[in-house]
Amino acid sequence: MTGRPSPTTLPDRARLRDALDRRLGIDARALAAFRILLGCTLLFDVLHRSRDLVAFYADAGAYPRALHLAVGDSTGRYSLHVLSGEPWVQAALFGLAALLAVALIAGYRTRLVTFLSLVLLVSVHFRNPLVLNGADRLLREVLLLALFLPLGRRWAVDALGGDRARDGGSERERRNRAGAGGENWVATPATAAVLVYVVGFFANNGQHKRLGDTWTTGEALGYALRQDHMTILLGDRVVDYPLFLEIGTYGWLAMVVGAPLLLVLTGWLRTAYVGAFLGAVAGLGLSMAVGLFPAVLTAVLVLFLPSFVWDRLEAAGAALCERVGPLERLRTRAGALTSRIRPPRSLRSAVPPGVRTRQRRVWSVVLGGVLLVVVLWSIGLLGYADPFEPVDAIDPDDNQWTMYAPNPSTSYGWYVVEAELESGKEMDVLRNEALRDGPPPEASDTLPSFRWRKYMNSLDEEAARADRFGTYMCDRAADQFDKPVERIEVTYHYRSIEPEGDEPTMGSATRVETACSGAT
């Protein structure tokens with residue numbers, strides 16, 4: 001294990017540099033874990049979206065290209081997924097995104113793969129922005145920042161064969177890392193930018209929560225976990241323990257408000273703080289259906305873990321392999337295989353040294369610009385300054401991270417897509433079963449996924465969108481039940497969240513009503 005030089009033995013300027021490096025640098029193994037988690041998240045996202053490939057991305061679905069371009073925003077014109085509405089074309093693009101995600105996990109041609117993954121992610125987002133939530137935007141922005149990080153330095157195909165120069169590593173950088181605490185330590189404007197961005201994200205959310213009433217009174221989690229259309233697994237259990245929810249409310253508020261401490265603390269204190277964050281994020285993932293938030297938050301939080309954590313994890317992994325025979329044999333065979341692998345020869349090796357020096361200087365300026373943009377953007381979102389050029393035309397309110405802020409909703413609801421068959425029988429299209437009376441046992445089970453909920457929340461914004469959804473449901477119901485369908489009715493049912501003992505307010509509203517005369 002390589003230790004850092006003691007700060008007390010360094011000159012003042014060196015101590016300042018060391019202090020900044022320890023707070024704004026990232027261990028190469030943390031970058032590798034971040035890369036693997038990002039790849040897994042992208043792979044899961046592709047597989048999850050593919051279940052609704054026709055419904056949300058093909059012309060035969062609920063949101064065909066013509067409708068999107070007619071009533072949607074102009075970003076749809078810049079999507080590769082808009083080039084064709086055929087399901088096989090969408091499947092090919094989804095398959096390419098999945099292959100790129102696997103390559104990112106393996107760390108093969110990391111920077112190129114990250115860029116191509118970002119292109120396809122932005123493309124699918126632009127194809128149907130109505131199914132996105134804040135986690136999708138967070139993933140997009142994190143992937144953009146990942147372009148400037150040396151993600152392939154450890155635990156990657158790119159790290160084999162001594163081709164590190166291709167993924168970030170001049171001789172001067174290696175000397176700086178050695179002085180700052182070892183070859184694994186990476187401290188550049190890009191590492192500072194991504195850490196500042198993460199802290200700004202949490203601080204922005206904390207600032208909005210402080211403006212609400214329920215977070216400062218300890219009631220927020222009680223309201224959030226009683227929104228039955230969102231709660232899953234653990235959330236359905238802990239809602240019956242008000243003291244635990246009150247402690248959790250204050251604890252999470254304290255963590256996000258105190259997020260700047262992630263840049264102040266070092267060593268075990270930072271590790272404990274990151275551990276608390278990771279525990280809270282795991283609880284979120286086991287309690288609420290909030291899309292990709294738990295996965296993306298986990299990926300960015302591991303960047304803050306210090307080197308000694310990764311040293312111990314590597315040592316524990318090696319010890320486990322030695323004690324478990326099959327794992328040791330697997331590791332030996334994997335080592336023999338990778339020793340024969342030679343990644344593609346970098347084109348940088350053919351570039352004259354003088355040109356490489358100028359390239360490194362330009363790259364340093366680029367990374368410095370990235371850090372400057374992230375810092376100014378974070379300051380603008382936190383409200384400490386007006387938005388800066390050239391993004392002053394962007395409304396900061398459209399980029400705020402306001403999940404359950406300033407207050408969770410005091411009501412929840414669920415959708416029912418009712419199909420009336422020619423025989424008079426009433427069926428639930430989305431659940432593929434007979435229509436049942438009264439509230440469902442679990443409101444979170446009434447829709448296939450959170451993306452359906454996001455899309456159906458937008459139906460009352462555009463009449464053409466609602467009409468097309470009704471037509472699509474007519475066709476879907478006819479195929480599903482193999483019988484003629486008379487009409488489709490989409491109803492939103494809502495229920496208020498009241499204090500214990502009070503009677504909730506309930507109601508419903510029809511969002512879509514379509515006659516299926518053309519459905520067969």
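Let's start at L233. L233 is exposed, with a relative accessible area of 57%. Its location is the loop between α10 (220-224) and α11 (235-238). And its backbone stands out: L233 has a positive phi of about 40°, although it is not a glycine.

Before going on, one caution. This is a predicted model. Please keep that in mind for every value that follows.

In W155, which is not a glycine either, phi is positive and near 50°. W155 also sits in a loop, the one between α7 and α8 (171-180). How accessible is W155? Its relative accessible area is 36%, so W155 counts as partly exposed. L233, to recall, is exposed at 57%.

Let me take the largest cavity. Its volume is about 140 Å³. Which elements supply at least two residues each of its lining? Those are α2 (28-50), α5 (87-106) and α6 (110-127).

Here is the lining by name. You will find L42, D45, V46 and R49, then H81, then L93, F94 and A97, and finally S117, L120, L121 and V124. By class, eight of the lining residues are nonpolar, two are polar and two are charged. Look at D45 and R49 in that lining. Each of them has a partner, and I'll go through both.

D45 comes first. Its side chain forms a salt bridge with that of R451, at 3.0 Å from N to O. D45 belongs to helix α2 and R451 to helix α19 (residues 450-457), so this pair ties together parts that are 406 residues apart in sequence. Is the pair buried or exposed? D45 has a relative accessible area of 3%, so it is buried. R451 is likewise at 3%, and R451 also counts as buried.

Next, R49. Its salt bridge partner is D136, with the closest N and O atoms 3.4 Å apart. R49 is in helix α2 and D136 is in helix α7 (residues 134-146), so here the parts tied together are 87 residues apart in sequence. Both of these residues are buried.

D45 and R49 both line the largest cavity. From helix α2, D45 reaches R451 in helix α19. From that helix too, R49 reaches D136 in helix α7.

How many salt bridges are there in total? There are 18. R65 bridges to D59, and their closest N and O atoms are 2.8 Å apart. R65 is partly exposed, at 23% relative accessibility. D59 is partly exposed as well, with a relative accessible area of 28%.

There is also a network. Salt bridges link D27, R29, R154, D311 and E314.

Take F115 as an example. F115 is in helix α6. Its relative accessibility is 43%, so F115 counts as partly exposed. Helix α6 also supplies at least two residues of the lining of the largest cavity.

Last topic: contacts across the sequence. Two pairs here.

K209 sits in helix α9 (residues 189-210). It is a lysine to check by eye: at 2% relative accessibility, K209 counts as buried.

The second pair is Y472 and A55. Along the chain, 417 residues separate them, while the distance between their C-alpha atoms is 8.3 Å. Where is Y472? It lies in helix α20 (residues 463-481). At 8% relative accessibility, Y472 counts as buried.

To close, two things to look at again.

Definitions and conventions. Residues numbered from 1 in each chain as written. Predicted model: local features only at pLDDT ≥ 70, side-chain atom pairs only at ≥ 80, totals over all residues. Heavy atoms only, no water. 1 Å grid on protein atoms, 1.4 Å probe; cavity = no way out; pocket = protein on both sides within 12 Å on 5 of 7 lines; lining within 4 Å. Points joined across faces, edges and corners; volume = space filled by probe spheres on them. Helix = DSSP H or I, 4+ residues; strand = E, 2+ residues; numbered from the N terminus. Nonpolar A, V, L, I, M, F, W, Y, C, P; charged D, E, K, R; others polar. Buried < 20%, exposed > 50% of the residue type's maximum accessible area, 1.4 Å probe, protein only. Salt bridge = Lys/Arg side-chain N within 4 Å of Asp/Glu carboxyl O.
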